[in-house]
Structures are given as C-alpha cells and as structure tokens.
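User: I'm new to this one and would like to learn how to read it. Could you walk me through it, starting with how helices pack?

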Amino acid sequence: MTRRRLDARGLLCPMPVIRTQERVREMAPGEELEVLCTDPGALADIPAWCRIHGHEVVETEQGRDIVRIVVRVGGGGG
C-alpha cells in the first residue's frame with residue numbers, strides 16, 4: 001500500500017483541506033495520504049471533506065503542536 005505525506009503545518013483553515021484535495025486528486029483509489037497540520041480545526045474539516053467526497057479517515061492523532069490525519073482515497077476522486 002502506498003502512503004504519501006502532505007506537510008500542511010503552518011497553514012490555517014481552509015488551506016489544509018484545499019491542499020489535501022489537491023494531493024488526493026493526484027492519487028489512486030486505495031492509496032493513503034498522511035496530512036500533518038498545526039491548525040486543530042483540520043480535525044473536523046478534513047473528515048467532513050472526506051465524508052462528502054467518499055474518502056475514509058483511517059487515523060487521527062492530536063499532539064501538543066501537531067495534528068496528524070491519515071486519509072484513504074476512495075473511488076470518487078477529489
């Protein structure tokens with residue numbers, strides 16, 4: 001399984017979602033994207049975007065200064 005990483009640290013809403021969308025469009029169904037953010041709003045925004053667009057949130061983790069979200073690309077594209 002292929003896992004890519006998107007570094008969205010330092011970006012504020014809605015940029016982590018926009019960058020996630022751009023990257024997912026380049027990926028094949030089943031691939032995973034690990035998104036690293038510093039904006040805690042991404043914990044709500046990226047899963048909401050995934051539900052709308054048919055992608056799956058595999059993992060979420062919030063550390064002291066970083067949010068980590070792993071998205072599995074669905075078949076619907078971006």
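Analyst: Two packed helices are described by the angle between their axes and the distance between the axes. Each axis is a line fitted to C-alpha atoms over the stretch in contact. Keep in mind that this is a predicted model.

User: At what angle do H1 and H2 pack, and how far apart are their axes?

Analyst: Helix H1 covers residues 15-24, and it packs against H2 at about 35 degrees, with the axes 9 Å apart. The crossing of H1 past H2 is right-handed.

User: Which residues in H1 and H2 meet?

Analyst: From H1 you have Pro 16, Val 17, Thr 20, Gln 21 and Val 24, and they meet Ala 42, Asp 45, Ile 46 and Trp 49 of H2. Sorted by class, that contact has 6 nonpolar, 2 polar and 1 charged residues.

User: Now the sheet. What is the order of its strands?

Analyst: It's an open sheet of 4 strands, ordered S1-S2-S4-S3, and the pairing is mixed. S1 (3-8) and S3 (56-62) are at the edges with a single partner strand each, so one side of each has no neighbour in the sheet. On average, neighbouring strands are turned by 15 degrees against each other, direction ignored.

User: In which sense do S1 and S2 pair?

Analyst: Parallel, over 6 bridges, with S2 spanning residues 32-37. For example, Arg 5 has Glu 34 in S2 as its bridge partner.

User: Which strands does H2 touch?

Analyst: H2 (residues 42-53) packs on the sheet and touches S2, S3 and S4 (67-72). The direction of H2 makes about 5 degrees with that of S4.

Notes
Residues are numbered from 1 along each chain as its sequence is written. This is a predicted model: local features need pLDDT of at least 70, side-chain atom pairs count only at pLDDT 80 or more; totals for chains, interfaces and linings use all residues. Side-chain values use heavy atoms; hydrogens and water are left out. Two strands pair if DSSP finds at least two bridges between them. Helices (H or I, at least four residues) and strands (E, at least two) are DSSP runs, numbered from the N terminus. Axes are lines fitted to C-alpha atoms, for helices over the stretch in contact, and angles run from 0 to 180 degrees between N-to-C directions. Contact means heavy atoms within 4.5 Å. A crossing is left-handed if the near helix is turned anticlockwise from the far one by less than a right angle, and right-handed if clockwise. Ala, Val, Leu, Ile, Met, Phe, Trp, Tyr, Cys and Pro count as nonpolar, Asp, Glu, Lys and Arg as charged, and the others, Gly among them, as polar.
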